[in-house]
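Dear colleague,

Please find the structure below, handed over for your study.

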Amino acid sequence: MAKRFVAFGELLLRLDTKGHERFVQADGFVARYTGAEANVAVSLATFGWDAWVVSKVPGHEIGQACIDAIRRHGVRTEHVARGGDRLGLLYIEKGASQRPTKVIYDRGGSSFSEASPEDFDWERILEGKDWFHFSGTGPALGPRVRQILERGLETPAASASR
């Protein structure tokens with residue numbers, strides 16, 4: 001029987017410069033969807049686990065494209081809330097030789113950072129799950145995300161998945 005895994009965290013649009021271009025040289029970016037916790041869910045789904053991601057994305061086409069990208073890897077997304085105006089961004093400038101990789105986050109005002117506890121039914125989300133995963137980056141976005149996570153951790157089903 002496959003293990004059942006839930007990951008709570010922000011889904012992001014990752015924009016990479018082409019090759020090893022610097023940000024100031026770039027005239028375009030390569031787009032993909034990511035998120036630390038979603039990456040764990042994708043890895044575990046690849047190993048045969050049943051994996052869900054819990055987040056919030058905008059209700060428009062960019063949010064749907066993000067959900068579709070996560071689903072392509074076998075991760076379930078029915079607990080991703082919809083709403084808000086924007087998906088958080090992550091810009092990557094790949095390092096070259098001795099120049100390190102540079103990362104710039106643009107997460108302020110994202111759908112996830114403005115989510116509310118009412119967006120998530122933790123009893124339903126965690127029922128029958130074996131593992132509840134999160135990292136420090138989500139709660140670091142502010143008190144609203146911390147409150148959502150605390151409610152999840154206080155859910156009786158969460159104690160069974162720790």
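Which side chains does a polar contact of 2.8 Å join? The side chains of D16 and R14 are joined by this contact, where a polar contact is a pair of N or O atoms within 3.5 Å; within protein, one atom must be able to donate a hydrogen and the other to accept it, and residues adjacent in sequence count only if both atoms are side-chain atoms.

Before going further, please note that this is a predicted model, in which local features need pLDDT of at least 70 and side-chain atom pairs count only at pLDDT 80 or more, while totals for chains, interfaces and linings use all residues. Residues are numbered from 1 along each chain as its sequence is written, and side-chain values use heavy atoms, with hydrogens and water left out.

D16 and its sheet

D16 lies in strand β2; helices (H or I, at least four residues) and strands (E, at least two) are DSSP runs, numbered from the N terminus. D16 counts as buried because its relative accessibility is 1%; buried means under 20% relative accessible area, exposed over 50%, and partly exposed in between (1.4 Å probe, protein chains only). Leaving aside neighbours within four places in sequence, D16 is in contact (heavy atoms within 4.5 Å) with G28, F29, V30, R32, I92 and K94.

Strand β2 belongs to an open sheet of four strands, ordered β3-β2-β7-β8, with mixed pairing. Two strands pair if DSSP finds at least two bridges between them. β3 and β8 each have a single partner strand and stand at the edges, so one side of each is left without a neighbour in the sheet. β7 and β8 pair in the antiparallel sense over five bridges, and E93 stands opposite K102 in β8. The loop between β7 (88-93) and β8 (102-106) contains S97. Although S97 is not a glycine, it has a positive phi of about 55°. S97 is exposed, with a relative accessible area of 82%.

In α1, the buried residues are E37, A38, A41, V42, L44 and A45. They cover an arc of only 170° around the axis, which puts them on the same side of α1; the arc is that of the directions from the helix axis to the C-beta atoms. An α-helix has 3.6 residues a turn, so residues three or four places apart point the same way. The buried residues of α1 pack against β1, β4, α2 and β9 (131-133). Just after α1, G48 takes a positive phi of about 100°.

In α2, the buried residues are G63, C66, I67, A69 and I70. Their arc of only 160° around the axis puts them on the same side of α2. They pack against β3 (29-34), α1, β4, β5 (56-57) and β6 (81-82).

The nonpolar cores

How many residues does the largest nonpolar core have? It has 20, and L11, V53 and V75 are those with the most contacts inside it. A nonpolar core is a set of buried Ala, Val, Leu, Ile, Met, Phe, Trp, Tyr and Cys residues joined through side-chain atoms within 4.5 Å. At least two residues of this core come from each of β1 (4-8), β2 (12-17), α1 (36-46), β4 (50-54) and α2 (61-71). The largest share, five residues, comes from α1. A second, separate core of 16 residues includes A115, W122, F132 and I148.

With kind regards
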